[in-house]
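Open the structure in your viewer and keep the selection tool handy. We will go from stop to stop, with something to select at each one.

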Amino acid sequence: MTAFAATRATFARILSGPGGIVGTVIIVLVVGSAIFAPLVVTHDPDALDILNRFSGPSAAHWLGTDNLGRDLYSRLVYGARVAMMVALFAIGSALVVGTLLGMLAASLNARGERLLLIVFDIISSFPSLVLALAVVAVFGPSTALVTAIVAVTLMPHFGRVARAQMLTLRHAPFIEAERLIGASPVRIALSHILPNIAGPLVVLASIDIPVVITIEAGLSFIGLGVRPPLASWGTLIYDGYAYLSDSRVPVIVASAALAIATLGFTLFGEALRDAVDPRLDREGR
Amino acid sequence: MDHFMSRRAFVGASAAALTLAMGASSSVSAQPKSTITVRIDRDITALDPAFRGGPHDANVVRAVFQRLAALKVDGSGLELDAAAELKQVDPTLIEFTLKPGQMFTDGFGEMTAEDVKFSFERFAVAPVDGKVSPYKADWAGLTEVEVTGTYTGRIKLSAPNAGLMTIAIGDCSGCIVSKKAVLERGAEHNTHPVGSGAYQVASVEKQRGAVLRRNPDYKGARPAFEEIRVNFIQDPKTTELALRSGELDFAVLPPSIAEPMRGASGLSVENYPGLAYIWLGINMQKAPFTDVRVRQAVRLALDVDQILLAGFNGKAPRLNALVMPPVLGYWKDAPIYKRNVAEARRLLAEAGQTSIKTRITILNQPAYQSMALVARALLQEVGISAEVDVQEGGTYWDAGKGEAGKNIDMFLMRFNGKLDPSFLMQWFTSSQIGLWNWQRFASPEYDQLAQQAIRELDPAKRAEIAIKAQQEMDKSAAFVWLTNDVAYVVRRTSVKPAFLPGAIDWQLDKFTPA
């Protein structure tokens with residue numbers, strides 16, 4: 001089966017259940033909004049119109065305006081962009097670095113392996129929020145910092161999975177055969193082991209996306225995330241919360257966006273896991 | 001014996017029990033509360049009067065320590081407190097006689113004139129361990145407190161100090177500490193203060209606040225509440241929820257949070273003209289703001305009314321100079337700067353600045369964030385690109401101090417005021433650079449006027465001096481005055497608070513059941 005055919009088959013399996021369909025639709029909408037934000041917004045998301053603050057939904061402002069008269073719909077769309085950027089960079093870098101370190105751990109001697117596992121344990125023992133509080137106190141809040149913090153805290157997840165998968169495959173017959181014909185360890189790791197462990201890692205990454213979105217929103221909500229005036233779902237909720245008595249729309253709209261996006265990525269991640277997990281296949285799912 | 005009750009007997013007994021229970025509950029609810037909870041918006045930093053951090057500390061300090069005489073609740077004058085007699089012999093000499101038998105808590109003995117001497121002189125004349133109080137200006141001109149007897153003494157000044165009675169003697173800087181306790185406890189006195197006032201500090205917890213208990217040995221009027229919990233809650237919205245849920249009895253809040261609570265069951269909302277001053281400050285010693293034309297351009301680029309609408313829902317009055325009404329020295333003809341984009345651009349071009357990148361440092365409060373974002377948008381139109389730097393309390397309050405202060409660009413600041421022009425002016429002298437003068441405004445003329453305002457006892461002349469000082473500030477263009485705030489007091493209807501005009505300075509010992 002070619003790679004293309006395999007991917008098509010996986011997608012067909014994802015779309016075979018209602019969860020997968022709903023998740024995919026939501027993801028397409030969220031990712032589409034994030035990519036094409038400048039094309040789909042109706043206003044500059046940072047443009048202020050103080051005299052028109054807290055205006056309700058109208059033809060000019062589909063979801064109304066916030067406490068500074070900014071267009072809520074446009075800010076929501078740009079909020080998706082921030083969430084996706086943080087998720088993409090944080091998970092991408094955690095996936096790459098974590099996988100390489102995990103594979104390295106599996107290849108090292110017992111002492112080296114233990115040392116790397118201790119590093120993973122140390123990182124995992126820091127709750128991301130506490131780590132964020134400490135780091136932001138030193139460097140000040142920024143999107144890049146949020147991304148880096150999330151990447152560091154997620155990295156051990158990928159490292160552990162990559163290590164476990166590599167340990168399982170290390171003595172597989174086809175790997176032994178490669179070794180016998182003189183393939184270098186790096187070549188074996190990158191050309192033969194990595195493609196075989198990529199599936200579970202991608203599933204893990206997709207399941208981590210809603211976690212990252214929530215962490216970014218949470219940090220921004222408590223003022224440790226993106227800097228104003230940049231729109232993030234977390235800052236939208238915070239701004240709405242501060243002026244809840246003036247208008248409930250900002251909080252409701254931003255919370256709904258966050259909840260729907262989280263749900264969509266969770267449903268998609270679960271469908272993807274079911275689609276690529278061979279054990280579930282054997283169980284005649 | 002039949003243990004079963006007939007239906008009629010059961011209904012009767014139930015009704016009787018219900019009536020009794022209701023009676024009991026109403027008698028419980030009719031009892032006045034013995035504990036109340038009030039909110040402070042900054043964490044307690046130091047409860048030693050000489051090193052208090054601000055009103056959040058001062059409001060506790062006032063309840064714990066006695067003064068020779070204390071300000072009356074309406075701020076109209078002084079009433080004797082620890083002193084049996086307090087006499088202004090001449091402009092530079094005050095004589096006092098203490099009431100005998102006033103005991104410090106924790107077994108630190110009776111208050112004597114030696115304690116008074118120690119308490120006042122430590123501000124600047126004889127600092128303990130070389131630590132000069134940030135409030136030393138309150139005691140400007142003090143040369144010595146001469147002890148003439150166990151309970152008597154003379155306060156000697158080198159020059160008259162117009163605000164001495166109201167700012168120093170009658171308020172926190174006039175609090176009398178136990179010399180023995182301060183020397184024995186050292187830094188610990190900031191969290192375990194020893195006073196002789198109506199309340200004593202039962203506990204202080206970081207990020208939580210303090211618990212005050214009635215001082216059984218206090219010789220003055222017995223305070224109404226057995227216990228006062230002073231809770232630190234930074235977020236105004238959380239404060240609102242605590243008030244609505246009954247966890248809090250008293251708080252001062254911004255209009256946007258307080259207004260919607262009007263009509264809430266069991267709560268009362270009252271607003272008073274503020275005595276705080278809020279402004280956008282510009283660091284005069286940092287390029288490109290070293291050029292007065294750039295500062296003038298900033299001032300003309302901003303629209304104060306728009307900024308206030310964003311920050312205070314338009315409920316706060318506009319301030320055009322440092323001194324607000326009704327404080328002596330209010331400059332009623334202060335210039336009201338209107339937004340003038342063309343002139344701002346011209347000034348920038350003249351200064352050779354066409355594109356400036358800068359930063360507005362603010363405290364992480366929604367009102368400041370809204371104001372800063374409006375300022376940012378307005379500045380952008382004249383070619384000044386400003387980043388809004390939101391800081392958490394601890395970091396923010398250090399941002400303009402010491403070496404870090406040299407790097408600050410612009411900032412939104414709020415200072416609490418008092419009913420005295422010298423108190424308002426003291427933070428902008430050259431000696432305050434690196435402390436509270438974040439603009440790094442260094443004007444010898446202003447410094448001189450600030451000194452004169454302290455020494456001048458004639459109110460008319462003093463007002464004239466204060467206005468001249470404000471004109472110096474105006475010339476610098478380092479201050480864009482925004483508002484003197486509006487104090488929204490939210491309280492449980494069962495509690496009657498006591499505070500000085502402006503609702504910044506509370507007298508917790510005079511809080512009573514309504």
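## Stop 1

Select Asp115(B) and show its surroundings: leaving aside residues up to four places away in sequence, Asp115(B) touches Phe104(B), Glu110(B), Ile176(B), Val177(B), Ser178(B) and Lys179(B). Please keep in mind along the way that this is a predicted model. Asp115(B) sits in helix H3 of chain B, which covers residues 113-121. Is Asp115(B) buried or exposed? Asp115(B) is buried, yet has no salt bridge. The nearest side chain of opposite charge belongs to Lys179(B), and is 7.3 Å away.

Now pick Asp106(B), in the loop between strand E6 (93-98) and H3 of chain B. Its backbone is the thing to look at: phi is positive, about 60 degrees, although Asp106(B) is not a glycine.

## Stop 2: a covered helix

Next, select residues 55-64 of chain B, which make up helix H2. How many of the residues of H2(B) are buried? The count is 10 of 10, so the helix is mostly covered. Among these buried residues are the charged Asp57(B) and Arg62(B), along with Pro55(B), His56(B) and Asn59(B).

## Stop 3

Over all chains, the structure holds 49 salt bridges. Side chains of opposite charge can pair when their charged atoms come close.

- Select Arg318(B) and Asp305(B), whose side chains meet in a salt bridge at 3.7 Å, N to O. Arg318(B) is in the loop between helix H9 (304-312) and helix H10 (341-350) of chain B, while Asp305(B) is in H9 of chain B, so the pair ties together parts 13 residues apart in sequence. Both partners are partly exposed: Arg318(B) has a relative accessible area of 23%, and Asp305(B) one of 41%.
- Move on to Arg346(B) and Glu350(B), a salt bridge with its closest N and O atoms 2.5 Å apart. Both residues lie in helix H10 of chain B, four residues apart, or about one turn of the helix. Arg346(B) is partly exposed at 40% relative accessibility, and Glu350(B) is partly exposed at 43%.
- Then take Arg462(B) and Asp420(B), where the closest N and O atoms of the salt bridge are 3.2 Å apart. This pair links distant parts of the chain, 42 residues apart: Arg462(B) is in helix H15 (residues 459-476) of chain B, and Asp420(B) is in the loop between strand E18 (410-416) and helix H13 (421-425) of chain B. Arg462(B) is buried, with a relative accessible area of 6%, and Asp420(B) is buried at 4%.

For a network, switch to chain A and select Asp46(A), Asp66(A), Arg70(A), Arg75(A) and Asp239(A), which are joined by salt bridges that share partners.

## Stop 4: where chain B meets chain A

Show both chains and select the contact region: 24 residues of chain B are in contact with 19 residues of chain A. Between them, the two chains bury about 1900 Å², 55% of it on carbon and sulfur atoms. There are two salt bridges between chain B and chain A. One to select is Glu387(B) with Arg227(A), the closest N and O atoms being 2.7 Å apart. Which element gives the largest share of the side of chain B that touches chain A? H11(B) does, with eight residues.

While chain A is in view, colour residues 80-269, which an unreviewed UniProt entry annotates as "domain: ABC transmembrane type-1". This stretch of chain A is 84% helix and 0% strand, and its end C-alpha atoms are 18 Å apart.

## Stop 5: backbone details

Return to chain B and zoom in on the peptide bond from Ala287(B) to Pro288(B), which is cis, with omega near 0 degrees. Pro288(B) is in the loop between strand E15 (276-282) and helix H8 (292-301) of chain B. Another cis peptide bond runs from Pro325(B) to Pro326(B), with omega near 10 degrees. Pro326(B) belongs to the loop between H9 and H10 of chain B. Finish with Asn313(B), located in the loop between H9 and H10 of chain B; its phi is positive, near 55 degrees, in a residue other than glycine.

Note on methods: Residues numbered from 1 in each chain as written. Chains lettered and ligands numbered in written order. Predicted model: local features only at pLDDT ≥ 70, side-chain atom pairs only at ≥ 80, totals over all residues. Heavy atoms only, no water. Salt bridge = Lys/Arg side-chain N within 4 Å of Asp/Glu carboxyl O. Helix = DSSP H or I, 4+ residues; strand = E, 2+ residues; numbered from the N terminus. Buried < 20%, exposed > 50% of the residue type's maximum accessible area, 1.4 Å probe, protein only. Contact = heavy atoms within 4.5 Å. UniProt positions renumbered as here; feature names shortened; annotations may be inferred. Buried area = accessible area lost by both parts, 1.4 Å probe.
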